[in-house]
Amino acid sequence: MSSPSVTGDAASLRRNRILSTKLYFDVPLSKVPLIYSPAYDIAFLGIEKLHPFDSSKWGRVCRFLIKDGELDKTSIVEPLEASNDDLLVVHSESYLNSLKNSRNVAMIIEIPPVALIPNWVVQHKVLRPFRKQVGGTILAAKLAKEQGWAINVGGGFHHCSSEKGGGFCAYADISLCIHYAFELLNISRVMIIDLDAHQGNGHEMDFSNDSQVYILDMYNSGIYPFDYEARRYIDQKVEVVSGTKTDEYLKKLDEALEVAGHMFVPELVVYNAGTDILDGDPLGRLKVSPEGVTARDEKVFKFARDRNAPLVMLTSGGYMKTSARVIADSILNLSKKGLIDISSPR
């Protein structure tokens, strides 16, 4: 099923691209629907340290889970890298061509020295990890439909739309995931629950006026991206202010989820679970405790479980070294509460 804004030849081309993808593949039952690849992690001559994002966060989350004895390394699902044809399902040729200019990539990932680096290096060291994570987000919807939930330990590039990247987001993985789900999973209603501290302006632009996609976005309105046009396309806008503490945050979330549950019946929930809401995060500027993040994630998983809706979780933003431990602890709590099961099938 194509978006109402795409008709005729364009819709047919999109459908053919989706049908020919290799990103959806069968995963053996010996694996759990937790998706990660060592190729996610960005190590780039130390230049990655010029951005506050912890670009080795994804691998550290998995190492914590393995070290805690809850996850077997062999049970992790490794995705394929999204190809150019896969990306063209949402992105234009002109946008993808713009990424062949290192200066444009430098602006998107907010690291100016990258502009001076040959593009083939940028493609390999920066954009390939992103494309691998996109493959993980797309595959996550298939696994969630099969097993009830899936976590991509990466992805959540919610500032990127079909025509524009920004905010460390070069590809629109959420939009791509949803279009693949529409076409391949017999799904027609998707709810995006975006709880990253920043507004998810990318998917909001991509699904503007699309009644098949309901967007609940709870964000700090006093920080990037200040995208007032995209805000018009949020179905349920919950704005919080800098300094919001755990109790108030969770109360607002409870109220928002109750409203969302009355407004829309999802067949898939895409949960953008940024940890930049943490107290001390330099960019999110909220004051939610690690225990508050755990409670937040549990509430969203219960919301989806109560509606029998498969859930895809993406880890998105989080700009402190402590984020990886907080994410791992939250996943452990979800497992302990029976909302997911990350132990290998015996």
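Two strands pair if DSSP finds at least two bridges between them. I also took helices (H or I, at least four residues) and strands (E, at least two) as DSSP runs, numbered from the N terminus.

**Ground rules.** I'm working on a predicted model, where local features need pLDDT of at least 70 and side-chain atom pairs count only at pLDDT 80 or more, while totals for chains, interfaces and linings use all residues. Residues are numbered from 1 along each chain as its sequence is written, and side-chain values use heavy atoms, with hydrogens and water left out.

Seven strands make an open sheet, ordered 1-2-7-6-3-4-5, and the pairing is parallel. At the edges I found strand 1 (34-35) and strand 5 (236-240), each pairing on one side only.

**Strand 6.** Next I looked up strand 6 (residues 268-272) and its partners. Strand 3 (residues 190-194) runs parallel to strand 6 and is joined to it by five bridges. I noted that Ile192 has Val270 as its bridge partner in strand 6, and that Ile193 stands opposite Tyr271. Strand 7 (residues 311-314) is also parallel to strand 6, with four bridges between them; here Asn272 stands opposite Leu314.

I then followed the chain onward: strand 6, helix 11 (residues 290-306) and strand 7 make a right-handed β-α-β unit. Right-handed here means that, with the strands pointing away from the viewer, the path from the first strand over the helix to the second runs clockwise.

**Helix 5 on helix 6.** I checked which residues touch, taking contact as heavy atoms within 4.5 Å. Ser102, Val105 and Ile109 of helix 5 (residues 102-109) meet Asn119, Val122, Val126, Leu127 and Phe130 of helix 6. By class, I have six nonpolar residues (Ala, Val, Leu, Ile, Met, Phe, Trp, Tyr, Cys and Pro), two polar (the others, Gly among them) and no charged ones (Asp, Glu, Lys and Arg).

**Arg131.** Last, I looked up Arg131, which lies in helix 6 (residues 119-147). Is Arg131 buried or exposed? I count Arg131 as buried because its relative accessibility is 12%. Leaving aside neighbours within four places in sequence, Arg131 is in contact with Leu80, Glu81, Ala82, Leu87, Gln123 and Tyr171.

Technical notes: Buried means under 20% relative accessible area, exposed over 50%, partly exposed in between (1.4 Å probe, protein chains only). Axes are lines fitted to C-alpha atoms, for helices over the stretch in contact, and angles run from 0 to 180 degrees between N-to-C directions.
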